[in-house]
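Thank you for asking for a short note on this model. The points below are meant to be read alongside the sequence and the structure.

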Amino acid sequence: SGIGNTVFEGSSLSQITGNQEETKVWTALARLEKDMQELDMMAGRRSQLTALEVSLLSGAVLSAAGGPLLFGGHITEFLAPSAAAFTAAIGIGAEYTGKVAV
């Protein structure tokens, strides 16, 4: 009938301890979410493609687009798929670089 009993009235000690643990978990999750957002912002500020990769990608696009006009149909059968494979390789490399940076 003292003050200590009124604090726990209607709740068992295990329920109160469980609520404290749940609060700790939610606090840790909120802190983790904030840290992940900061990492994402830091990684987003830096370009994943170097100047060389940008120029190579631009060359691949221009060769695939201009190939039929300059060389005719026979070389285009080889040029467009090879430019697409080259572009995919650079994209995969940039994706790997971006994940390693984080």
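1. In H3, the residues Glu-53, Leu-57, Ala-60, Gly-66 and Gly-67 are buried, where buried means under 20% relative accessible area, exposed over 50%, and partly exposed in between, with a 1.4 Å probe and protein chains only. This is a predicted model, in which local features need pLDDT of at least 70 and side-chain atom pairs count only at pLDDT 80 or more, while totals for chains, interfaces and linings use all residues. Residues are numbered from 1 along each chain as its sequence is written, and side-chain values use heavy atoms, with hydrogens and water left out.

2. Helix H3 covers residues 51-71, which is 21 residues, and reaches 28 Å from its first C-alpha to its last, close to the 30 Å expected at 1.5 Å a residue; the expected span is 1.5 Å times one less than the number of residues. The helix bends by about 40° at Ala-65, and a proline, Pro-68, follows within four residues, the bend being the angle between axes fitted to the seven residues ending at a residue and the seven starting there. Just after H3, Gly-72 takes a positive phi of about 90°.

3. The chain as a whole has 4 helices and 0 strands, and from the N terminus on its elements run α-α-α-α. Helices (H or I, at least four residues) and strands (E, at least two) are DSSP runs, numbered from the N terminus.

4. Of the 102 residues in the chain, 11% are buried. The chain exposes about 8,200 Å², and carbon and sulfur atoms supply 66% of that area; accessible areas come from the Shrake-Rupley method with a 1.4 Å probe, and for residues only the protein chains shown count as cover.

5. The structure holds 2 salt bridges, each defined as a side-chain nitrogen of Lys or Arg within 4 Å of a carboxyl oxygen of Asp or Glu. In one of them Lys-24 pairs with Glu-21, with the closest N and O atoms 3.9 Å apart. These two residues are 3 residues apart in helix H2 (residues 13-45), so about one helical turn separates them. Lys-24 is exposed, with a relative accessible area of 55%, whereas Glu-21 is partly exposed at 43%.

6. The side chains of Lys-34 and Glu-38 also meet in a salt bridge, at 3.8 Å from N to O. Both lie in helix H2, 4 residues apart, about one turn of the helix. Glu-38 is partly exposed, with a relative accessible area of 41%.
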